[in-house]
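Good morning, and thank you for coming. Please have the display in view as I speak.

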Amino acid sequence: MKTILNIIWLIFSGFWLFLGYMFAGLLLFITIIGIPFALASWRIGFYALWPFGQTVVERPTSGAASFVGNVLWLILAGWWLALAHIVTGIIQCVTIIGIPLGLANFKLIPVSLMPLGKEIVSTDQPFAGRW
């Protein structure tokens with residue numbers, strides 16, 4: 001079932017979200033200061049490409065630098081991304097087939113708000129990042 005949902009997601013949403021996050025990551029990578037944000041953008045992009053069967057967990061080794069980076073990300077880009085995921089998720093939930101896609105969009109909101117200090121793992125091993 002995850003594969004079918006991922007294929008439908010890829011066709012209707014995932015590919016375009018992936019391209020957007022990859023392009024944003026390339027722009028952020030231009031500056032040295034933006035490299036951690038570019039890596040976070042690419043991580044979100046790959047998660048947005050194939051979200052079913054994956055989940056986000058806190059990385060236990062993240063510290064104060066992740067917190068400061070997340071505050072900057074939230075102010076500059078995070079709330080725009082979250083708003084876009086909310087609007088897209090609501091639109092997708094209008095149809096019965098789109099409800100799982102809308103829920104996947106809602107699942108992307110926390111990581112789009114504060115991506116630093118997070119790890120994306122398979123749902124088969126949701127505690128992998130904690131050990």
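Predicted model: local features only at pLDDT ≥ 70, side-chain atom pairs only at ≥ 80, totals over all residues.

**The nonpolar core**

The largest nonpolar core has 15 residues, and those touching the most other members are W9, I44, F52, L108 and V111. By nonpolar core I mean a set of buried Ala, Val, Leu, Ile, Met, Phe, Trp, Tyr and Cys residues joined through side-chain atoms within 4.5 Å; buried means under 20% relative accessible area, exposed over 50%, and partly exposed in between, with a 1.4 Å probe and protein chains only. At least two residues of this core come from each of α1, α2 and α4 (99-107), and α2 supplies the largest share, five residues. Helices here are DSSP runs of H or I with at least four residues, strands are runs of E with at least two, and both are numbered from the N terminus.

Residues are numbered from 1 along each chain as its sequence is written, and side-chain values use heavy atoms, with hydrogens and water left out.

Let us stay with W9. Apart from neighbours within four places in sequence, its contacts (heavy atoms within 4.5 Å) include L17, A48, F52, L101 and L108.

Next, F29, which also lies in helix α1. Its relative accessible area is 38%, so F29 is partly exposed. Beyond its neighbours within four places in sequence, F29 is in contact with I35, A38 and W42.

**The salt bridge**

How many salt bridges does a search of the whole structure find? The search finds one, between the side chains of E58 and K118, at 3.2 Å from N to O. The pair, 60 residues apart, links distant parts of the chain: E58 sits in strand β1 (residues 54-58) and K118 in strand β2 (residues 118-122). The criterion is a side-chain nitrogen of Lys or Arg within 4 Å of a carboxyl oxygen of Asp or Glu. E58 counts as partly exposed because its relative accessibility is 43%, whereas K118, at 12%, counts as buried.
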